[in-house]
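Hi everyone, thanks for coming. Let me put the sequence and the structure up, and then we can walk through a few parts together.

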Amino acid sequence: MKYIVTGSLGHISRPLAEKLIAEKHEVTVITSKTAKVAEIEALGARAAVGSVEDIAFLTDTFRGADAVYTMVPPFFGAPDWKKHIAGIGENLAAAVRASGVKNVVNLSSIGAHMPDGCGPVSGLYFVEKAFNQLENVHVRHLRPGFFFYNFFGNIGMIRHMGIIGSNYGSGANMALVHPNDIASVAAEELSALSFKGKSIRYIVGDERTTDEIAGALGSAIGKPDLKWVDFTDQDTKAALVQAGLPEEIARNYAEMGSALRSGEMAREYYAQKPLSLQPVKLADFAREFAVAYANS
Ligand SMILES: NC(=O)c1ccc[n+]([C@@H]2O[C@H](COP(=O)([O-])OP(=O)(O)OC[C@H]3O[C@@H](n4cnc5c(N)ncnc54)[C@H](OP(=O)(O)O)[C@@H]3O)[C@@H](O)[C@H]2O)c1
């Protein structure tokens, strides 16, 4: 079959493209950079160079595909981040409509039931909505948990302050997932194309408290006493700005942390349980974390 993968050689899109190619499918990978073409072609995919901001480019690229994997790339330059994310979703949905593609696997997030109050994830609510308005198009929204790789963002804090923390709440239980597992689920959905209408699939590999996370990551880097510290929303935002993020992005991440703390972000996920968990666990990620920490 013929698939279009947005997200270039990103965390999920690369392993996804590799899996689809290994199954002998025809894969086109969208990148915004000409410099990535050779690497994409080396995988055995076709590269399409253009932006998710460009509906005409997306429409041309999508035309004739059996299915498209859609995602909204992170962009920290937006003056209104949620609006930007929603706008990219509208572009992707408009291109699906105009190209006549009938199947979409769309990367969303746990918390995307919240039209407001969940930072960037509330942007994804509107992305889902844009796809849900398409007639005669089957859409499977993937709602993964918190990506393990987000913890790489805490390396500086651990190194310089000897702590790890955020505003997720004392003892918060976090639904965690590895991008490779999301790619496996996306590949499974794209290969089978058995989803009909509009539906949601949650993807989580492990559920751990913030204290367990601090313990596992700390032990992996030789700091078994590493403690998770609870920050206020204000301190979280300030720390993110200090780490170099624009004010708008820091504000949204702090908002998402507060939705995690209140339990609202994961409410629908926990209401769907029991679900089968994906293979990659916190202990597996801790080994990757140790390598990244040592190289930092
Ligand atoms: N972090 C979390 O905990 C979490 C949880 C749930 C959902 N999510 C979703 O996951 C997404 C990230 O997925 P990921 O980690 O697989 O992505 P990623 O690794 O950040 O890769 C995205 C790729 O998109 C390409 N890109 C950037 N701007 C583009 C543009 N304007 N047009 C076309 N392509 C562009 C870039 O590659 P090139 O440079 O080659 O163009 C980039 O490497 C987030 O944006 C969010 O929606 C995240």
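Phe146 has Leu176 as its bridge partner in S9. Before going on, please note that this is a predicted model, where local features need pLDDT of at least 70, side-chain atom pairs count only at pLDDT 80 or more, and totals for chains, interfaces and linings use all residues. Residues are numbered from 1 along each chain as its sequence is written.

Helices (H or I, at least four residues) and strands (E, at least two) are DSSP runs, numbered from the N terminus. Two strands pair if DSSP finds at least two bridges between them. S7 and S9 run parallel, joined by 2 bridges. Together with S11 they form an open sheet in the order S7-S9-S11, with mixed pairing. Its edge strands are S7 and S11, each pairing on one side only.

Now look at S5: are its residues buried or exposed? Here, 5 of its 5 residues are buried (20 or more other C-beta atoms within 10 Å of a residue's own, with C-beta atoms placed from the backbone). Asn103, Val105 and Leu107 point one way, Val104 and Asn106 the other.

S4 and S5 run parallel, joined by 3 bridges. The chain gets from S4 to S5 through H4, in a right-handed β-α-β crossover (with the strands pointing away from the viewer, the path from the first strand over the helix to the second runs clockwise). S5 also pairs with S6 in the parallel sense, over 5 bridges. The chain crosses from S5 through H5 to S6, and this β-α-β crossover is right-handed.

Methods
A residue is buried if 20 or more other C-beta atoms lie within 10 Å of its own, exposed if 12 or fewer, and partly exposed in between; C-beta atoms are placed from the backbone.
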